[in-house]
There are 4 protein chains.
Amino acid sequence: MSLKLDAAQVESAIRGGLRVADRSGLRVEVVSEGYARVRVPFDDSMLRPGDVISGPTLFMVADSAMYALVLAHIGPQLMAVTANFNMNFLNKARPGDVIGEARLLKLGRRLVVMEVALKIDDDPTVVAHVTGSYALPPA
Amino acid sequence: MSLKLDAAQVESAIRGGLRVADRSGLRVEVVSEGYARVRVPFDDSMLRPGDVISGPTLFMVADSAMYALVLAHIGPQLMAVTANFNMNFLNKARPGDVIGEARLLKLGRRLVVMEVALKIDDDPTVVAHVTGSYALPPA
Amino acid sequence: MSLKLDAAQVESAIRGGLRVADRSGLRVEVVSEGYARVRVPFDDSMLRPGDVISGPTLFMVADSAMYALVLAHIGPQLMAVTANFNMNFLNKARPGDVIGEARLLKLGRRLVVMEVALKIDDDPTVVAHVTGSYALPPA
Amino acid sequence: MSLKLDAAQVESAIRGGLRVADRSGLRVEVVSEGYARVRVPFDDSMLRPGDVISGPTLFMVADSAMYALVLAHIGPQLMAVTANFNMNFLNKARPGDVIGEARLLKLGRRLVVMEVALKIDDDPTVVAHVTGSYALPPA
């Protein structure tokens with residue numbers, strides 16, 4: 001297993017294709033074997049009452065981290081699509097950059113399964129934990 | 001089990017508290033025993049490449065439908081928070097208003113479990129199916 | 001969409017292949033378009049303390065109901081395998097026959113997504129709710 | 001956070017309460033802060049066709065690992081019950097002892113969230129990955 005794209009190429013592929021990711025300022029910070037880390041800079045519009053980061057924002061960061069991991073490993077195959085997404089909310093997400101760290105659980109020919117830890121800035125607390133799968137298009 | 005809030009009251013509670021829902025134009029169309037239906041009017045910014053509705057939009061509509069169902073049954077308890085969210089993506093979501101139909105699976109004292117069918121406009125096709133739970137604050 | 005196998009053929013295929021299902025006395029009661037119902041007769045060994053049906057028993061009935069639904073729609077393709085399984089426990093499962101009612105959410109070429117309601121005897125209460133997917137072997 | 005029970009006490013509590021775990025020969029090998037490892041010795045009756053470990057067996061081991069983790073941290077509170085269980089099947093589970101390694105994601109007052117990696121014997125391959133939650137009884 002070797003990487004097909006580096007972090008800059010993955011970021012470019014995602015932002016070129018996904019307007020919402022592009023506008024969010026998504027950065028792909030690291031891709032390595034079995035791992036990807038993305039960051040979405042903090043913006044007031046992420047907040048919901050209680051001054052916590054909203055669910056849709058957390059979803060977007062987690063999904064972007066999974067997408068980055070998939071693209072890094074299979075190449076610029078933009079038609080990979082989310083199949084299943086399971087999130088457990090663990091702790092309040094205080095205002096700050098949202099970090100998504102995706103780890104590969106299985107890279108199959110047809111399905112990629114991953115888990116994602118969502119964190120805020122440099123705080124090691126995991127605010128939400130995700131497992132999800134992407135369906136790959138037929139070769 | 002009787003309803004604590006009607007559709008207009010639920011809509012007002014959600015939009016007053018959640019800026020992202022307010023800006024999206026969220027409407028709570030129906031609340032009845034064990035059921036809530038919400039609608040988010042179509043807007044170009046919902047789209048991702050391939051002209052399909054993006055994942056974060058679907059998440060937001062599903063979560064709003066669950067929140068509406070919870071508030072209708074327990075009253076204006078804004079501190080109810082999502083605990084688990086599991087989504088299966090079933091069919092491409094073509095441009096259109098996004099409808100979320102939430103049904104109650106269990107109303108416990110501490111946890112409410114629901115399922116949500118997401119549809120587009122009047123098309124009966126379910127584009128994504130969600131099960132999720134909300135944790136209730138101690139009485 | 002028409003059925004490839006009837007209830008008796010599905011039951012025979014499952015019991016012939018799965019020893020645990022065979023020993024459990026699994027019956028496939030109904031298969032129809034988009035639907036399958038299975039029953040596992042009550043047996044003392046299903047119980048856990050508090051005289052409720054154990055989790056592994058509920059899992060087995062739900063998985064069998066999904067498998068029955070898949071086989072009825074795609075034919076005796078025993079290599080279909082569970083990909084994702086998500087269960088929400090809703091109510092105590094009192095001693096009795098365990099019924100699994102599976103409904104099709106999506107029949108794709110590579111992935112079948114279903115939901116299952118688990119009930120006891122004739123009690124309409126849903127004791128656990130499952131969504132799950134099966135991966136199909138390449139055609 | 002300190003442990004309320006050691007591995008032997010946890011094993012005794014689980015086997016005393018859960019006949020299916022007792023008969024399976026469940027061993028609680030390690031409990032430490034945020035971690036528990038259980039082992040269920042291989043037995044022919046675990047197999048399904050293709051000589052792989054069956055789904056209900058994997059479910060039982062994963063659920064036992066979560067239960068062990070919960071009991072070690074909260075004490076002999078047998079009324080803790082599974083609320084949500086999400087499993088992704090990753091690789092064929094070849095015949096062998098089934099190991100469940102549970103890690104704590106969140107220990108709340110009312111909900112404990114965990115993940116579990118299931119492995120066979122000394123093979124580091126994760127055959128299935130689980131996230132799940134237990135609801136705790138009111139204090």
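Which residues in helix 1 of chain C meet which residues in helix 3 of chain C? The model in which this is examined is a predicted one.

## Helix packing in chain C

On the side of helix 1 of chain C, the residues involved are V10(C), A13(C) and I14(C). Their counterparts in helix 3 of chain C are S64(C), Y67(C), A68(C), L71(C) and A72(C). Sorted by class, this contact of helix 1 with helix 3 of chain C consists of 7 nonpolar residues and 1 polar residue, with no charged residues.

Two packed helices are described by the angle between their axes and the distance between the axes. For helix 1 (residues 7-17) and helix 3 (residues 55-74) of chain C, the angle is about 125 degrees and the axes are 10 Å apart. Helix 1 of chain C is therefore oblique to helix 3 of chain C. The crossing of helix 1 of chain C with helix 3 of chain C is right-handed.

## Helix packing in chain B

In chain B, helix 1 (residues 7-17) packs with helix 3 (residues 55-74) at an angle of about 125 degrees, and the distance between their axes is 10 Å. Helix 1 of chain B is thus oblique to helix 3 of chain B. The two helices of chain B form a right-handed crossing.

Here V10(B), A13(B) and I14(B) of helix 1 meet S64(B), Y67(B), A68(B), L71(B) and A72(B) of helix 3. The contact of helix 1 of chain B with helix 3 of chain B has 7 nonpolar residues, 1 polar residue and no charged residues.

An open sheet is formed by 12 strands, in the order 1(A)-2(A)-6(A)-7(A)-8(A)-5(A)-5(B)-8(B)-7(B)-6(B)-2(B)-1(B), with antiparallel pairing. Strand 1 (27-32) of chain A and strand 1 (27-32) of chain B stand at the edges, where each has a single partner strand, so one side of each has no neighbour in the sheet. On average, neighbouring strands of this sheet are turned by 20 degrees against each other, direction ignored. Helix 3 of chain B packs on the sheet, where the strands that helix 3 touches include strand 5 of chain A and strand 6 (98-107) of chain B. The direction of helix 3 of chain B makes about 45 degrees with that of strand 6 of chain B.

Strand 1 of chain B pairs with strand 2 (residues 35-40) of chain B over 5 bridges in the antiparallel sense. Within strand 2 of chain B, V38(B) is the bridge partner of V28(B). Between the chains, strand 5 of chain A and strand 5 (residues 81-89) of chain B run antiparallel and are joined by 5 bridges. N86(A) has N86(B), in strand 5 of chain B, as its bridge partner.

Two copies of a chain are related by a rotation about an axis and a shift along it.

## The contact of chain C with chain B

Chain C is superposed on chain B, with an RMSD of 0.0 Å, by a rotation of 180 degrees and a shift of 0.0 Å along its axis. The same surface serves both copies, since 100% of the contact residues of chain C recur in chain B.

This contact takes 11 residues from chain C and 11 residues from chain B. The elements of chain C that give two or more residues to its side are strand 5 (81-89), strand 6 (98-107) and strand 8 (123-135). Strand 8 of chain C provides the largest share of that side, 4 residues. By class, the side of chain C that touches chain B has 4 nonpolar, 6 polar and 1 charged.

Technical notes:
Residues numbered from 1 in each chain as written. Chains lettered and ligands numbered in written order. Predicted model: local features only at pLDDT ≥ 70, side-chain atom pairs only at ≥ 80, totals over all residues. Axes fitted to C-alpha atoms, helices over the stretch in contact; angles between N-to-C directions. Parallel < 35°, antiparallel > 145°, perpendicular 65-115°, else oblique. Left-handed = near helix turned anticlockwise from the far one by under 90°. Contact = placed C-beta atoms within 7 Å. Nonpolar A, V, L, I, M, F, W, Y, C, P; charged D, E, K, R; others polar. Pairing = 2+ DSSP bridges. Least-squares fit on C-alpha atoms with pLDDT ≥ 70 in both.
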